[in-house]
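The sequence and the structure are shown first, and the description follows.

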There are 2 protein chains.
Amino acid sequence: MAEEVLSWDQLTKMPPAAAEVRASQIETIAKIAHERFSNGTVGRLLQECGGLETAMPSDSFEASLVRVTRRDWERQRRVPTELAGRIAQAQAEGYAIWIEARRDSDFGKFLPALQRNIDLRMEYIDCFEPTESPYDVLIDDFEHGLTASDIKPIFDRLKPEVTRMTRIVVENASMVDDAPIRGHFPKASQEALCDTIAGALGAMPEKWRIDETAHPFQTSFGTSDIRLATRYDESFVSTSLYGTIHEFGHGLYEAQVDERLNRTPLGAGCSMTLHESQSRLWENLVGRSRAFLSFAYPTIRLAFPEALGTVTDDAFYKAVNKMKPSFIRVEADELTYGLHIILRFELELDLIEGRLKAADLPEVWNAKVKEYLGLDVPSDARGVLQDVHWSAGHFGYFPEYLLGSVLSVQIWDKVARDQPDLDEQIAAGEFAPLQNWLKEHIHRFGRTFTPKEMIERAVGGPLDPEPYLRYLTAKVNHLYGGPAA
Amino acid sequence: MAEEVLSWDQLTKMPPAAAEVRASQIETIAKIAHERFSNGTVGRLLQECGGLETAMPSDSFEASLVRVTRRDWERQRRVPTELAGRIAQAQAEGYAIWIEARRDSDFGKFLPALQRNIDLRMEYIDCFEPTESPYDVLIDDFEHGLTASDIKPIFDRLKPEVTRMTRIVVENASMVDDAPIRGHFPKASQEALCDTIAGALGAMPEKWRIDETAHPFQTSFGTSDIRLATRYDESFVSTSLYGTIHEFGHGLYEAQVDERLNRTPLGAGCSMTLHESQSRLWENLVGRSRAFLSFAYPTIRLAFPEALGTVTDDAFYKAVNKMKPSFIRVEADELTYGLHIILRFELELDLIEGRLKAADLPEVWNAKVKEYLGLDVPSDARGVLQDVHWSAGHFGYFPEYLLGSVLSVQIWDKVARDQPDLDEQIAAGEFAPLQNWLKEHIHRFGRTFTPKEMIERAVGGPLDPEPYLRYLTAKVNHLYGGPAA
């Protein structure tokens, strides 16, 4: 948590000249935390408490604490401190080189650092028992128990359908106009609006705050200290508005973990997919819905009388739901976002399974963007170099973004079955019933269950792409409807 | 430094509901830092490097690092972890009780916690070699090498003189009017002004920032990360303006420590007296001077056209230099501030040397306020309960506030001898020559020298109350002049 506070400060408040000394401070804290967690004391405590794991019900606090702590501990101990140190150093160096390479749109400059990150990940994989795909070891860091062969059939089902729908929105592009949300939206008004909207959703200043940053994120230092960070684009109001709602979804998850789990390994969201399901649920299924906008749009319009004074709620609804292929993942719409992820998953799998050389990434990247999105990548900066993840050797992280969207619709359907008047509640600005459902069925458990168990408990089955496809199909039909849809 | 980041966040940004979990996080970091510093590794390193202390010049980085680290290490090791833990706990509890007791103006409620803090300090004192006064052990935590018998002759010299001058300003109260700085000063304008003034003094946004807090402070996490915190009183512009200049003085000291000392025990200001000499120098000798106001007042007036539009620079100069006995130390003027400190020093010495019972504090406090300041204390909240220090068992901290003022004038006189055009520089808004002098003669050394050595090097002699008295006398004569002065 201390490390997280230092990182939050670094990304939101820290004077820029402090970058170097702050990196050293974070490194020190991370090293001490790693040492203390992987040392013999934790092992002895696990030994002493081991009996609780069988004596108590498996979903009890005690049994879960021992089980999850042991899993984390055993995983961490497999990696020699020396290798962890080299990985951390390569991450820091890789990040610095990536910043420059992206600025200069020069993949060749990034390649040696990328290759080193890949080589280190291969060493890392060798620390673990063999898995069906070596990539599975990397996924496991972000989503315990998830494997490439879990992901493949889901993405195989999504890819042709999303590609097909993408062609529809391209052919009927003129049916949806996002001009209303591209204008001049003064930053101070955006800040006030984000505070108001987050407050209406339930982000009370007693426990939450919103700050400005370059790349939006959420972090928390306990269930009573939730930090959202967003960025403001004065020419495009969606960036801060939907960024804030997205991060609110992450924050609500952390805020609603049972507070008895605070300061234990159980006191956090269950996994990346679960987390992203929450942010996507609030951003898209709540935030981009007719019901939500019938509640929120009057407030939004009031904040920008010049830009939105004459924009109807229908025009605003369509504008924030515009779908259009584009180069940058983080700016992608709800539909085409999936293709960005599938592309990255395919490349990562080929890299880690040895079928693709790092040097060939730009060529393959550009070919896939052409195939899936119909676009010609103008530069590596807007192509293979756009994301930070690989600079830190984070492979296995991307797929969960899309799985989160998939899961968000499964959860939404379940809530809607339990609460038939969900739409009416949202239209009335009543979010407590939805929050309570999420708390009761998902949030409060923290990391008590594995991601697969948690998903099963929440929606009554495994990850399933069909509800997500039905949702996308309905939305595309509705917005871009015509014979082709 | 990590602990300091957590504390800064707690005092400026943290949502209030997070107080409890943050206290635990800070406690964890503090405990780990204490353990790691007092463990055998540091002792072994000191042993290995001990040769450097004699082989290298005593003011070299290497010799100083070994010497200062050993001093810190030996001091910390004398206190059993168990006692340090009880002290930390009593501090936390004492603080919570003090908050309530001050709110209710109920000294009886605070007394048991205070007594416990005193008892623990006596145990703490017993961990060290006997000193002339047991109080010396406590002072040493804030000002290495300073003793009660160093302080007494200085305060004995100051007390009658400052009391005499206080009578003069009371008798001639009508000669200086602070009405011009009591009006309506919008917070947003104060914030902008503080940024402008701090920037003009040299607080560049690349390394510095200013935030809002309840009790102003300065902290830093390295020479490139300086944080000032101030508070805004819309009815009194001095609070934020002079608060910011004061904290700037602290910040400049930390910013100008030789950056090679970063992340070592040498990389910080030398002592509390040295630190306070810097904040007082900038607040009073620069900030309240004619020269500074001839540079800054046009900007200040521009920030508050309604309140200051018709206020002349002479009227503003007098207003910010108004002297008047008052109850609250942190609101006291430059002259009477000293009496607040002398009072606390006398009480602390009597408490720790066993001549005064904690239960009798309110009575003695009130009698001294009557004697020194001529005021009848209306309530314990505005009397003996006003300061936070004793709630944390911090005895030996107060005297350095006044010694800092004493030293600030010694330094000022030295700078003025070296730079005869100091006033002209300041009137022109040129602060670099003053900053460079301070860096060259004091700041860059960090903790290389003991406080006494540092003072000797900076001003060519020990602490001396005469320059300070001459300065006060001249100012009182000038502002409240008449036959009595």
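## A buried aromatic residue and its partner

F345(A) counts as buried, with a relative accessibility of 3%. The structure is a predicted model, and the values given here are computed from it. Y135(A) is also buried, at a relative accessible area of 0%.

By the rule applied here, 42 aromatic pairs are counted over all chains. One of them joins Y135(A) and F345(A) in a tilted arrangement, with 5.9 Å from centre to centre and 55 degrees between the planes. Y135(A) belongs to helix α7 (residues 135-140) of chain A and F345(A) to helix α15 (residues 337-352) of chain A, so this pair ties together parts that are 210 residues apart in sequence.

A pair of aromatic rings is described by two quantities, the distance of the centres and the angle of the planes. For Y337(A) and Y401(A) the ring centres are 6.4 Å apart and the planes stand at 85 degrees; because planes over 60 degrees apart count as edge-to-face, the pair is placed in that class. This pair links distant parts of the chain, with Y337(A) in helix α15 of chain A and Y401(A) in helix α17 (residues 399-418) of chain A, 64 residues apart. Y337(A) and Y401(A) are both buried.

## Overall form of chain A

Chain A contains 21 helices and 3 strands. Its C-alpha atoms fill a box of roughly 65 × 50 × 45 Å, taken along the principal axes. A compact globule of 485 residues would have a radius of gyration near 23 Å, and the 22 Å of chain A agrees with this.

Of the 485 residues of chain A, 55% count as buried. Among contacts in chain A between residues at least 6 apart in sequence, 72% join residues at least 24 apart.

An α-helix has 3.6 residues a turn, so residues three or four places apart point the same way. In helix α14 (residues 313-320) of chain A, the buried residues are F316(A), Y317(A), A319(A) and V320(A). Seen down the axis of α14(A), these buried residues fall within an arc of 165 degrees, so they line one face of the helix. They pack against α10 (238-255), α12 (290-303), α13 (305-308) and α21 (465-480) of chain A.

Helix α19 (residues 432-441) of chain A has L434(A), Q435(A), W437(A) and L438(A) buried. These residues cover an arc of only 160 degrees around the axis, which puts them on the same side of α19(A). The buried residues of α19(A) pack against α9 (187-201), α10, α11 (272-286), α17, α18 (422-427) and α20 (451-459) of chain A.

## Selected sites in chain B

L472(B) lies in helix α21 (residues 465-480) of chain B and is buried, with a relative accessible area of 0%. Its contacts, leaving aside neighbours within four places in sequence, are with V162(B), M165(B), E334(B) and L335(B). L472(B) and L335(B) are 137 residues apart along the chain, and their C-alpha atoms are separated by 7.0 Å.

In two places a charged end sits over a ring. That of R227(B) is over the ring of W8(B), 4.5 Å from its centre, and that of R290(B) is over the ring of Y317(B), 4.1 Å from its centre.

## Positive phi values in loops

Most residues other than glycine have a negative phi. R263(A), a residue other than glycine, has a positive phi, near 60 degrees. R263(A) lies in the loop between α10 and α11 of chain A and counts as partly exposed at 49% relative accessibility.

S105(B) also has a positive phi, near 50 degrees. S105(B) is found in the loop between α5 (81-104) and α6 (107-125) of chain B, and at 26% relative accessibility S105(B) counts as partly exposed.

## How the two chains are related

Chain B is superposed on chain A by a rotation of 180 degrees with 0.0 Å of shift along its axis, at an RMSD of 0.0 Å. This is the relation of a two-fold axis. Of the interface residues of chain B, 100% are also interface residues in chain A, so the copies meet through the same surface.

Notes:
Residues numbered from 1 in each chain as written. Chains lettered and ligands numbered in written order. Predicted model: local features only at pLDDT ≥ 70, side-chain atom pairs only at ≥ 80, totals over all residues. Heavy atoms only, no water. Least-squares fit on C-alpha atoms with pLDDT ≥ 70 in both. Contact = heavy atoms within 4.5 Å. Buried < 20%, exposed > 50% of the residue type's maximum accessible area, 1.4 Å probe, protein only. Helix = DSSP H or I, 4+ residues; strand = E, 2+ residues; numbered from the N terminus. Arc of directions from axis to C-beta. Phe/Tyr/Trp six-rings, centres within 6.5 Å; stacked < 30°, edge-to-face > 60°. Lys NZ or Arg CZ within 6 Å of the ring centre and 35° of its normal. Rg over C-alpha atoms; globule rule 2.2 N^0.38 Å.
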